[in-house]
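Please look over the sequence and the structure before reading on.

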Amino acid sequence: MIRARILTTALLLSAIVAQPVCSDDSQVVDDAEASRALSRAVEFFRTHAGVEGGYVYRVSADLTKREGEGKVGPTTAWIEPPGTPAVGLAYLRAYQLTQRAFLLDAAIESGMALVRGQLHSGGWDNRIEFAPEDRRRYAYRVDVDTPKGRRNTTTFDDNKSQSALRLLMELDHELEFRHEEIHEAATYALDAFLKAQYPNGAWPQRYSEFPDPDGFPVKQASFPETWSRTYPGKDYKGFYTLNDNTICDMISTMFLAWDIYGDERYRDAAIRGGEFLLLAQLPEPQPGWAQQYNHDMQPAWARKFEPPAITGGESQTVMRMLLTLYVRTGESRFLDPLPRALEYYRSLLRSDGRLARFYEIGTDQPLYFTKDYQLTDSDADMPTHYGFVVSSRLDRIASQYERTRRAEIHQEQLPLALRRPRQSPALTRRAREVIDALDSQGAWIDSDRLRYYGDDDDTRQVISSQTFSRNIVTLAEFLAAR
């Protein structure tokens, strides 16, 4: 059974749609003006910021420098949001709101960039190379029949392969499953991701080979008797990984696959992912979660600044995902961990109302790192590239838990209608600001900086994929509301 369209694109983009609004309610926007701005912006961005449908994080305003998580050349696209899949989803959302054909063309172009970047292992690396000499290093399915001798590592880290698959699935549905290349790439990825799931329901951070089920017995999480405070330098890519919300993103992706294709294998995989979250809750008196677990289901080191510890970061996403699992399945077992976890994490709050990213096993002592990566209990000398202190969403999670529990909400299928935005002064003001910010060439230029090119004058004015995606959705919402 094929299911009707759901609001996944809107949900994925909701975090970037909100914009500051000005206080002048008298501003007006003409529909034709908004339409012209939308088409000019998309034409410029596709032509000058993109490469064969692929995108990076930021481009210098003079179009000479490009970066993702590092410098990249003119023939490289980036996967992690706000890269290629996020831009493609913005095009698709804008098309669904306005039915302008050029937006669907742009979304399909981004989908085809992902088809060209799909590996034999089923997913995506952090980048897509389009130059022939660079492509020879990778086991791209469209290029070679075998991955032998080429890089073939699928990564789930930072929502890379998950976001790529989401765009392909959303496009597949929008195109009524008639675009052969996009449909085949989406179903190939889904089959691979099912094979990459461990028997306990977890997924690794990265993989190039599928796990042998006999080698990974299902265990409940436990604490190690001892752990080294010195980074051991071991490979962690095959660990059961909650870090950067890897498994929670995978569960959401599998539910989306079930919504779109109606295949019970995808629902089963999502539920098994939820069962891992239950297994991964550590025992009293520290009933939280770790960022990653070794195959004995004990917290373990990942990178040199990610020790075996209770995490105050990813644990909050785990709790929200457990609520989602209850809503999608009606199974109360997914609610059972929440009361004791909420009570425990509230006991860990810092004096500023936030949580440390790491708490020591056995003591609940907050753990931090110095700028030279020495483990410490002081937050006075932390590196700035990583969130060693995170915001608390515990009150919101607790409120959501109470509402969900009392209402006994279950919903095997997400809302099916594409919700139209409502016309409002706030939406008009946002559209006015977006139009006024568009320059004469059709670009939105941010006073920001490129992260990997030093601090010269030509790195402080940038064209941002995140800004572009947010702004075209704002214009599309305005036009749809009108």
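Which strand order does the open sheet of 5 strands have? The order is β3-β2-β1-β17-β16, with antiparallel pairing.

## Basis of the report

This is a predicted model, in which local features need pLDDT of at least 70, side-chain atom pairs count only at pLDDT 80 or more, and totals for chains, interfaces and linings use all residues. Residues are numbered from 1 along each chain as its sequence is written, and side-chain values use heavy atoms, with hydrogens and water left out.

## Overall form

The protein chain contains 14 helices and 17 strands. Helices (H or I, at least four residues) and strands (E, at least two) are DSSP runs, numbered from the N terminus. The chain is as compact as a globular protein of 482 residues, because its radius of gyration is 23 Å, close to the 23 Å of the globule rule. That radius is taken over C-alpha atoms, and the rule is 2.2 Å times the number of residues to the power 0.38. The C-alpha trace spans about 65 × 55 × 55 Å along its principal axes.

Of the 482 residues, 56% count as buried. Buried means under 20% relative accessible area, exposed means over 50%, and partly exposed lies in between (1.4 Å probe, protein chains only). Among contacts with a separation of 6 or more, 72% come from residues 24 or more positions apart; contact means heavy atoms within 4.5 Å. The protein chain exposes about 20,200 Å², and carbon and sulfur atoms supply 46% of that area. Accessible areas come from the Shrake-Rupley method with a 1.4 Å probe; for residues, only the protein chains shown count as cover.

## The open sheet

Two strands pair if DSSP finds at least two bridges between them.

Strand β1 (residues 58-60) pairs with strand β17 (residues 461-464) in the antiparallel sense over 3 bridges. Here V59 stands opposite I463, and S60 has V462 as its bridge partner. Strands β16 and β17 also run antiparallel, joined by 2 bridges; the partner of S447 in β17 is Q461.

Strand β12 (residues 358-359) pairs with β13 in the antiparallel sense over 2 bridges, and F358 stands opposite L367. These two strands form a hairpin with 6 residues between them, and G362 in the turn has a positive phi of about 90°. D364 is also located in the loop between β12 and β13. Its phi is near 65°, a positive value in a residue other than glycine. With a relative accessible area of 25%, D364 is partly exposed.

On to the next pair: β13 and strand β14 (residues 375-376) run antiparallel and are joined by 2 bridges. F369 has L375 as its bridge partner in β14. The hairpin of β13 and β14 has 5 residues between the strands, and Y373 in the turn has a positive phi of about 65°.

## Two residues in their surroundings

Is H385 buried or partly exposed? H385 counts as partly exposed, at 47% relative accessibility. H385 lies in the loop between β14 and β15 (389-390). Apart from neighbours within four places in sequence, H385 is in contact with F305 and Y373.

Y207 belongs to strand β7 (residues 206-207) and is buried, with a relative accessible area of 4%. Neighbours within four places in sequence aside, the contacts of Y207 include S121, N152, F156 and F193.

## Backbone features in loops

Two cis peptide bonds can be described. One runs from P81 to P82, with omega near 15°, and P82 is in the loop between β4 (76-78) and α3 (84-98). Another runs from E284 to P285, with omega near 10°; P285 lies in the loop between α9 (264-280) and β9 (292-293).

D244 has a phi near 55°, a positive value in a residue other than glycine. D244 is found in the loop between β8 (240-241) and α8 (246-261).
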